[in-house]
Amino acid sequence: MLRTVNRVLLAITGLALLGLGAAGLAGGTDLFRRLDVTPPDGYSWRNPDEVLLTREDRTQWTDESWWWPVVFSVLGVLLIVALWWLIAQLRSRRVASVLVDSGDGAGAAVRGSALADVIAAETEELPGVRGARTRLVGRRRAPRARVGVLVGADARPADLVRALHRGPLEHARASAGLESLPAEARLRGARGRPERLT
């Protein structure tokens, strides 16, 4: 879900910047006059000598009773959404280390990247796999694995997912002494070069 939110926010920001850039380009290059086009009503940036927002545009609603409550409400909502997005970004970061129960009460820490590399290496040994990448996200005591698998044409996805669960992921969970290791596997087909027949 976070990936979708990031893409939507990126698309909205990109469209807003594109619109502002087009408006600036049209006003700064005197495009309306050159193309003999009448700009929309209320559009103030008609030529290079004018500003985007005139003083009248900036202050036209400040005397209205609804203006300031709406401004502060919108800014408050934007602040809450921005804080939620920032916290979500920080929570989904990679796990630096995984706490392992050593059985003596002291415990140990294993580098998250090392455990992820082991999962990826073992995944690459499964039948039909051409390559694999693994990332551990979440918390130190409850990591989650994100496994990207590049599969060949001979791979059987259902068998591969079962083998991934019973093999690399179960081995990593057991070796780290974790109660569970939730995982998300993304399978992608390898693009092979077409063979030339003579």
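Predicted model: local features only at pLDDT ≥ 70, side-chain atom pairs only at ≥ 80, totals over all residues.
1. Asp159 forms a salt bridge with Arg156, and the closest N and O atoms are 3.8 Å apart. Asp159 itself is partly exposed, at 34% relative accessible area.

2. Asp159 also meets the side chain of Arg162 in a salt bridge, at 2.6 Å from N to O. Both residues belong to helix H6 and stand three residues apart, so about one helical turn separates them. Arg162 is partly exposed, with 41% relative accessibility.

3. In total, the structure holds five salt bridges. Another of them joins the side chains of Arg130 and Asp154, at 3.1 Å from N to O. Arg130 is part of strand E3, whereas Asp154 is in the loop between E4 and H6, so this pair ties together parts that are 24 residues apart in sequence. Asp154 counts as exposed, at 53% relative accessibility.

4. The largest nonpolar core consists of 21 residues, and Val98, Leu136, Val147, Leu169 and Leu181 have the most contacts inside it. At least two core residues come from each of strand E1 (97-100), helix H5 (112-124), strand E3 (129-138), strand E4 (143-151) and helix H6 (157-176). The most is given by H6, with five residues.

5. Apart from neighbours within four places in sequence, the contacts of Val98 include Ala108, Val110, Leu115, Leu136, Pro143 and Leu178.

Key
Residues numbered from 1 in each chain as written. Heavy atoms only, no water. Core = buried A, V, L, I, M, F, W, Y, C linked by side-chain atoms within 4.5 Å. Buried < 20%, exposed > 50% of the residue type's maximum accessible area, 1.4 Å probe, protein only. Helix = DSSP H or I, 4+ residues; strand = E, 2+ residues; numbered from the N terminus. Contact = heavy atoms within 4.5 Å. Salt bridge = Lys/Arg side-chain N within 4 Å of Asp/Glu carboxyl O.
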